[in-house]
Amino acid sequence: MSLHATRVDAARARPGAASTEGFLQTTAPRPHPPRRRAIMAAHPEVARLIGHDPITAVITLCVVAGQLVIAGLLGHLGLGYWWLALIAAFCVGAFANHAMFVVIHDACHNAILKKPVWNKWVGILADLPNTVPTAMGFRCYHIKHHSHLGDYDFDADLPSHWEARTFGHSWYGKAAWMFFFAAFQLARLGRLRGSVPMWGRWTYINAVCVILFDIAVLVFLGPNALLYLFASFWFSVGGLHPLGARWVQEHFTDDPAQETFDYYGPLNIVALNIGYHNEHHDFPDIPWTRLPELKRMAPEFYDHLKTHKSWFGLLIKFIFDPHYTLYTRVDRSAANTPAPAKR
């Protein structure tokens, strides 16, 4: 047995042990499809939760309009109030843009409106306050995250090895990784195998819409308005904001027996239930509004799972606890590698 395998086995055997040499390897299949089948067999009434919820489109219109109003007020004050734009972005805008990211997430699964094309337009609408076109690119690789969960070659949610080696072991490295999380996630796309059609008609439509929106904000509302919106985007996906801890909450683990974690705290109200992550992976075709009902319908499948109580607490723990590294994740690449043909 190799030294690497020994260390991985040791990390498996000791909950809380840091993984410093590589991801936690497993040959187990993804846990979510079998749990979905088991839940459907035990609770066939869950099927009625599957579908669409157009209220999400209404929420999207309201939040985008609200962000424009705040941006307009800050733009009116002028760039001399850049500091107020950053404070407002951290305290208010991050929550608004994060909610819009969850809308983009539901739109990827066509869980908002009936037709896929309508979901794409809702996703683009939700993307406008981000100032950076993300919706259609996210749509491309997020489906791979579900179908190839924890597979390094296909799942862009796993940090790249260079990320883990460079930033993953020191508190200041992990803090920098959290602050620049948006850039790191984008940089991973080049490593993915298989066909991920990042560049296509909808990607260009998304880019044109967001760029035109940015130009309109700059011209009519001023540079401080655009700064507010960009800062809201940056803090919403990382930027050392407590909301950024959801990226740790979802799949960082020291126990390969459970690789997806939930957060049931109060921030789900403004985060559109994104903390119900086991439920979402089990049933990605259930809208965010009905995920708590799924948990109530099938408590025996969820109540025993380990959860995180606080995103802020998790953020602090992730940065300063040496047991957390960027390798504290499950990699099942070996499980998806075809076995050699028998001679």
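**Entry 1. The largest pocket**

I began with the residue classes in the lining of the largest pocket: 19 are nonpolar, six are polar and none are charged. The model I am reading is a predicted one. For the volume of the largest pocket I noted about 530 Å³. I counted 25 lining residues, and V132, P133, T134, L186 and L189 are the closest to the centre of this pocket.

I then turned to the second largest pocket, where the space comes to about 240 Å³. Its lining has 13 residues, and those closest to the centre are D254, F261, H308, K317 and Y324. I sorted this lining into three nonpolar, six polar and four charged residues. The lining of the largest pocket, by contrast, has no charged residues.

**Entry 2. Cavities**

How many cavities of 30 Å³ or more are there? I found four. The largest cavity has a volume of about 120 Å³. Thirteen residues line this cavity, and F138, H142, H145, D157 and W247 lie nearest its centre. Helix 6 gives the most, with four residues. I recorded the classes in the cavity lining as four nonpolar, five polar and four charged.

**Entry 3. Helix 5 against helix 10**

Two packed helices are described by the angle between their axes and the distance between the axes, so I looked up both. The axes of helix 5 (residues 116-127) and helix 10 (residues 201-220) come within 10 Å and cross at roughly 35 degrees. Is the crossing left-handed or right-handed? I have it down as right-handed. From helix 5, the residues in contact are V117, K120, W121, I124 and D127, and they meet W202, I205, N206, C209 and V210 of helix 10. By class, the residues of this contact are seven nonpolar, one polar and two charged.

**Entry 4. Transmembrane regions in the record**

Last, I checked the UniProt entry, which is unreviewed and lists residues 55-74, 81-104 and 202-221 under "transmembrane region". In the model, residues 55-74 are 100% helix and 0% strand, with the end C-alpha atoms 29 Å apart. Residues 202-221 are 95% helix and 0% strand, and there the end C-alpha atoms are 27 Å apart.

Note on methods
Residues numbered from 1 in each chain as written. Predicted model: local features only at pLDDT ≥ 70, side-chain atom pairs only at ≥ 80, totals over all residues. Heavy atoms only, no water. UniProt positions renumbered as here; feature names shortened; annotations may be inferred. Helix = DSSP H or I, 4+ residues; strand = E, 2+ residues; numbered from the N terminus. Axes fitted to C-alpha atoms, helices over the stretch in contact; angles between N-to-C directions. Left-handed = near helix turned anticlockwise from the far one by under 90°. Contact = heavy atoms within 4.5 Å. Nonpolar A, V, L, I, M, F, W, Y, C, P; charged D, E, K, R; others polar. 1 Å grid on protein atoms, 1.4 Å probe; cavity = no way out; pocket = protein on both sides within 12 Å on 5 of 7 lines; lining within 4 Å. Points joined across faces, edges and corners; volume = space filled by probe spheres on them.
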